Amino acid sequence: MDLARCRYIVVEGPIGAGKTSLARQIAEHLDAEMLLEQPEDNPFLSRFYDDMARFALPTQLTFLFQRADQLRELAQLDMFRQPTVADFLLDKDPLFARINLTDDEYALYEKVFKHLKPQTAVPDLVIYLQAPVDTLVSRVRMRGIPFEQAVPDDYLARIADAYARFFYQYDEAPTLIINSERLNFVDNPAHMKLLLDRVAGMRARREFFNLGQG
Ligand SMILES: Nc1ncnc2c1ncn2[C@@H]1O[C@H](COP(=O)(O)OP(=O)(O)OP(=O)(O)O)[C@@H](O)[C@H]1O
Ligand SMILES: [Mg+2]
């Protein structure tokens, strides 16, 4: 896989997996545009972590509109002029909705999703970052965002599980599945180089990278 020929790259994975960190690194490496999630602009997110049942629907709909608007803008961008690296797939939206909404709320959400779903380009490469739940928990704690400190460990576990099931069947784009537990591409440039070399070595549509495993 020649990263330099990729026009649209997406880094995905559960909360705390390192999506934004890796998307920034790849964008810097390629001098690419970034399309990053904006959780800080979701006025319901902090209240959601305090009272999930009460604020799940407004939190979800706010993220859906945000992501649909960002992807609609992306469709207008001339990606052939400059590549784009994103830290979300629109598909992640129903993944969270299914976990957080009641059946009635989900039925309503689905109508809105179908109505809003913009035509989105298919990524040239998807990087799915995995890490054990205790690693995700410690990264979210270490990141130190105040309202995230109340996030229950089992919520991160359910999100991580839903991602594993989603990517088990995902086949829309070439996918590199990376176990980031021991791969610190944030603080260790040698690990970032290993990751870029691994992408360059990709030959099949779906491959794995687990540092320390043959
Ligand atoms: N591979 C890694 N090794 C060590 N620390 C990491 C790694 N990846 C990310 N981190 C650290 O973990 C924290 C979470 O990373 P980041 O914000 O990139 O995750 P994210 O997947 O974008 O999370 P969210 O879903 O909440 O947006 C950050 O403090 C980051 O520096
Ligand atoms: Mg992020």
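The second largest pocket has a volume of about 170 Å³. This is a predicted model. The largest pocket holds about 950 Å³ of space. Helix H4, residues 92–100, packs against helix H7, residues 153–169, with axes that come within 10 Å. The axes of H4 and helix H5, residues 103–116, come within 9 Å. Helix H1 and helix H8 also meet, with axes that come within 12 Å.

**The second largest pocket**

- Its lining includes Tyr8, Leu71, Leu89, Leu90, Asp91 and Lys117.
- Thr120, Ala121, Val122, Pro123, Tyr170 and Glu172 also line this pocket.
- By class, the lining divides into eight nonpolar, one polar and three charged residues.

**The largest pocket**

- The lining of the largest pocket has 37 residues.
- Gly16, Lys19, Thr20, Arg143 and Glu148 lie nearest its centre.
- Five elements are named as giving two or more residues to this lining: helix H1 (19–30), helix H2 (45–50), helix H3 (52–76), H4 and helix H6 (133–143).
- H3 gives the largest share, with five residues.
- The lining of the largest pocket has 17 nonpolar, nine polar and eleven charged residues.

**H4 against H7**

- General point: two packed helices are described by the angle between their axes and the distance between the axes.
- The axes of H4 and H7 cross at roughly 135°.
- H4 brings Lys92, Leu95, Phe96, Ile99 and Asn100 to the contact.
- H7 brings Tyr155, Arg158, Ile159, Ala162, Tyr163 and Phe166.
- By class, the contact of H4 with H7 has eight nonpolar, one polar and two charged residues.

**H4 against H5**

- The axes of H4 and H5 cross at roughly 160°.
- Angles over 145 degrees count as roughly antiparallel, so H4 and H5 are roughly antiparallel to each other.
- H4 passes H5 in a right-handed crossing.
- From H4, the residues in this contact are Asp93, Pro94, Ala97, Arg98 and Asn100.
- From H5, they are Asp103, Glu105, Tyr106, Tyr109 and Phe113.
- The contact of H4 with H5 divides into five nonpolar, one polar and four charged residues.

**Pro94, a residue of H4**

- Pro94 lies in helix H4.
- Leaving aside neighbours within four places in sequence, Pro94 is in contact with Tyr106, Tyr109 and Phe113.
- Tyr106, Tyr109 and Phe113 are among the H5 residues that meet H4.
- Pro94 and Glu207 are 113 residues apart in sequence.
- In space, Pro94 and Glu207 are 25 Å apart, C-alpha to C-alpha.

**H1 against H8**

- The axes of H1 and H8 (residues 189–200) cross at roughly 75°.
- Angles of 65 to 115 degrees count as roughly perpendicular, so H1 and H8 are roughly perpendicular to each other.
- H1 makes the contact through Leu22, Gln25, Ile26 and His29.
- H8 makes the contact through Met192, Leu195 and Leu196.
- By class, the contact of H1 with H8 has five nonpolar, two polar and no charged residues.

How values were computed
Residues numbered from 1 in each chain as written. Chains lettered and ligands numbered in written order. Predicted model: local features only at pLDDT ≥ 70, side-chain atom pairs only at ≥ 80, totals over all residues. Heavy atoms only, no water. Axes fitted to C-alpha atoms, helices over the stretch in contact; angles between N-to-C directions. Helix = DSSP H or I, 4+ residues; strand = E, 2+ residues; numbered from the N terminus. Contact = heavy atoms within 4.5 Å. Nonpolar A, V, L, I, M, F, W, Y, C, P; charged D, E, K, R; others polar. 1 Å grid on protein atoms, 1.4 Å probe; cavity = no way out; pocket = protein on both sides within 12 Å on 5 of 7 lines; lining within 4 Å. Points joined across faces, edges and corners; volume = space filled by probe spheres on them. Parallel < 35°, antiparallel > 145°, perpendicular 65-115°, else oblique. Left-handed = near helix turned anticlockwise from the far one by under 90°.
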